[in-house]
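Hi everyone, thanks for coming. I'd like to walk you through one structure today, starting with a charged pair and then moving on to the rest of the fold.

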Amino acid sequence: MTQPIVVGFDGSAPSLQAVSWAGQEAMIRDAPLHLVHATERWTPDALLVPEPAGWEIEAEAAAGQQLQQAAIHARAGRPRLTVTTEIVSIGAAEGLLRAAEGAQLLVVGNRGRGGFAELLLGSVSRQVATRAPCPVAVIRQPPARDSGVIVVGVTGRPGQESLLDFAFHEAALRRAVLRAVHAWTHPGTVTPWTVDPPVYDIEAVGQDEALLLAQVLAGWREKFPDVELVQHVVHAHPGKALAEASAEADLVVVGASHGPARALLGGLGGTVHAVLHHARAPVVVVPH
């Protein structure tokens with residue numbers, strides 16, 4: 001059976017947008033859609049008010065009703081879409097991470113119910129993007145119309161095979177143009193102890209970086225000959241360059257390293273953090 005696409009739903013507007021986007025993605029990938037809803041836990045106030053009788057039953061019933069409405073929303077215009085639902089009571093992030101173990105893609109809204117408007121990325125979105133074993137799509141308001149362009153951030157460093165594989169496959173499925181963005185701020189160093197030169201020729205370094213990008217993508221061009229590939233090299237911070245490129249894209253794909261070292265550094269790197277907060281299109285974070 002095809003691995004499902006899992007989407008988190010909590011009744012908020014951003015999560016409903018995530019359900020709609022996930023439904024479309026499931027149709028593109030010919031995959032089933034699995035909706036996950038975490039029931040609210042009773043949180044006593046300062047007076048330590050005990051949990052009311054029947055709270056869990058009522059919370060689960062309300063969650064079930066919301067899930068059914070979300071499933072109807074996901075199927076709208078997609079009668080062949082297979083949709084299943086699940087209610088979890090272990091917390092939203094943990095429930096989604098557990099469901100993601102058997103998924104090909106996990107989809108969440110950029111903020112959940114109760115999030116402050118000025119917080120562009122909710123805690124659940126941040127946790128799953130940091131820890132999920134599969135790619136995570138973080139959805140804010142999708143573009144009003146399709147541009148037919150997918151943007152992928154390419155560093156040129158080893159270990160981005162899973163990122164490029166996802167980006168090329170997605171472009172092939174959507175028949176979209178894939179725009180590979182490689183942003184640099186300093187000349188690449190050969191060894192960890194090499195010191196960046198205080199003065200360098202920006203044009204010459206830019207040519208070197210363009211050659212690096214071409215070399216990284218050469219094999220992928222052969223593997224996906226039908227995907228129209230555009231290479232873009234820019235002298236700027238990667239997060240800023242990708243956020244700007246998102247204004248003319250249907251999707252932005254970025255890579256994030258997982259593991260103990262990344263966890264000690266707070267989860268997401270600076271580039272991914274910037275893109276998730278400032279991109280103007282849905283963002284997929286691919287672990288590597």
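Let's begin in helix H1, which covers residues 13-29. Glu 25 and Arg 29 sit four residues apart in that helix, so about one helical turn separates them. Please keep in mind that this is a predicted model. As a reminder, an α-helix has 3.6 residues a turn, so residues three or four places apart point the same way. And here the two side chains do meet, in a salt bridge of 2.9 Å, N to O.

Is Glu 25 buried or exposed? Glu 25 has a relative accessibility of 1%, so it counts as buried.

Glu 25 has another partner. Its side chain also forms a salt bridge with Arg 174, again at 2.9 Å, N to O. This pair links distant parts of the chain, with Glu 25 in helix H1 and Arg 174 in helix H5 (residues 161-174), 149 residues apart. Arg 174 is partly exposed, at 24% relative accessibility.

How many salt bridges does the structure hold? There are seven. Another one of them joins Arg 131 and Glu 94, at 3.0 Å, N to O. Arg 131 belongs to helix H4 (residues 123-131) and Glu 94 to helix H3 (residues 92-99), so this pair ties together parts that lie 37 residues apart in sequence. Both ends are partly exposed: Arg 131 has a relative accessible area of 42%, and Glu 94 comes in at 36%. Coming back to our opening pair, salt bridges with shared partners join Glu 25, Arg 29, Glu 170 and Arg 174 into one network.

Now let's step back to the whole chain. It has nine helices and 10 strands. Of its 288 residues, 43% are buried. Its accessible surface is about 15,100 Å², and carbon and sulfur atoms account for 55% of that. If you take contacts between residues at least 6 apart in sequence, 77% of them join residues at least 24 apart.

Next stop, helix H7, residues 238-245. Which residues of H7 are buried? They are Gly 239, Ala 241, Leu 242, Ala 243 and Ala 245. Their cover includes strands S6 (149-153), S7 (177-184), S8 (229-235) and S9 (251-256), along with helix H9 (270-278).

Let me finish with S6 from that list. Why can we call S6 largely enclosed by the rest of the structure? Because five of its five residues are buried. Val 149, Val 151 and Gly 153 point one way from the strand, while Ile 150 and Val 152 point the other way, and all are buried.

S6 also has strand neighbours to look at. With S7, S6 runs parallel, and five bridges join the two. In that pairing, Val 149 stands opposite Val 177 of S7. Helix H5 comes back here too: S6, H5 and S7 make a right-handed β-α-β unit.

Note on methods. Residues numbered from 1 in each chain as written. Predicted model: local features only at pLDDT ≥ 70, side-chain atom pairs only at ≥ 80, totals over all residues. Heavy atoms only, no water. Salt bridge = Lys/Arg side-chain N within 4 Å of Asp/Glu carboxyl O. Buried < 20%, exposed > 50% of the residue type's maximum accessible area, 1.4 Å probe, protein only. Contact = heavy atoms within 4.5 Å. Areas by Shrake-Rupley, 256 points an atom, 1.4 Å probe, with all protein chains shown as cover. Pairing = 2+ DSSP bridges. Right-handed = clockwise from strand over helix to strand, strands pointing away.
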